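Work through the exercises below with the sequence and the structure in view. Try each task before reading its solution.

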Amino acid sequence: MKTFKFFLIFGLLSVVMLSFTSFDQEEWVVPDKYQKMKNPTDPNEDQDIGKQLYSKHCQSCHGKTGLGDGKKADEVEGDLGDFSSAEFQSQSDGALFYKSYFGRDDMPNYEKKIPDEEDMWLIVNYMRTLAE
């Protein structure tokens, strides 16, 4: 009888623990091609354009300073990230481009809204300025 109770309690605890993991967002795998992709733009040029594009397309969710506190942030289920964090900033430019341009889940795809890929690279450059 003790063995049965042990397995019953263990089983219930396992189900409870697994239910908490459903709130974790699945790891965002960036294809190797994009991980290694080099930014074709000069980060010191066209900074105002990158900031304007960020304000137009990103700020409503990610916030003015990239803290994930935009006016639409509460409507998003996933983690909006903290663009100032070392973890975010340690990603390659290509990874940031990929995630920002192609999106997934609540992060929209911007291939049609921003058809010129250079504009997305300018946004990546602007996101780099939001480091701590």
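**Exercise 1.** Determine whether Asp46 is buried, partly exposed or exposed in this predicted model.

*Solution.* Start with the location: Asp46 sits in the loop between α2 (32-35) and α3. Next, take its relative accessible area, which is 38%. Buried means under 20% and exposed means over 50%. Asp46 is therefore partly exposed. Finally, check the backbone: phi of Asp46 is near 60°, a positive value in a residue other than glycine.

**Exercise 2.** Treat Asp105 in the same way: is Asp105 buried or exposed?

*Solution.* Asp105 belongs to the loop between α6 and α7. Its relative accessibility is 66%, so Asp105 counts as exposed. For the backbone, phi of Asp105 is near 45°, again positive in a residue other than glycine.

**Exercise 3.** Describe the largest nonpolar core and name the element that gives it the largest share.

*Solution.* The largest nonpolar core has 21 residues. Those touching the most other members are Tyr54, Phe97, Met120, Ile123 and Met127. Two or more residues come from each of α3 (47-57), α6 (93-102) and α7 (117-128). The largest share, 6 residues, is from α7.

**Exercise 4.** Which residues does Ile123 contact, leaving aside neighbours within four places in sequence?

*Solution.* The contacts of Ile123 are Gly50, Leu53, Tyr54, Cys58 and Ile114. Now compare Asp48, which lies in helix α3. The C-alpha atoms of Asp48 and Ile123 are separated by 9.8 Å, although the two are 75 residues apart along the chain. Asp48 has a relative accessible area of 60%, so Asp48 is exposed.

Technical notes: Residues are numbered from 1 along each chain as its sequence is written. This is a predicted model: local features need pLDDT of at least 70, side-chain atom pairs count only at pLDDT 80 or more; totals for chains, interfaces and linings use all residues. Side-chain values use heavy atoms; hydrogens and water are left out. A nonpolar core is a set of buried Ala, Val, Leu, Ile, Met, Phe, Trp, Tyr and Cys residues joined through side-chain atoms within 4.5 Å. Buried means under 20% relative accessible area, exposed over 50%, partly exposed in between (1.4 Å probe, protein chains only). Helices (H or I, at least four residues) and strands (E, at least two) are DSSP runs, numbered from the N terminus. Contact means heavy atoms within 4.5 Å.
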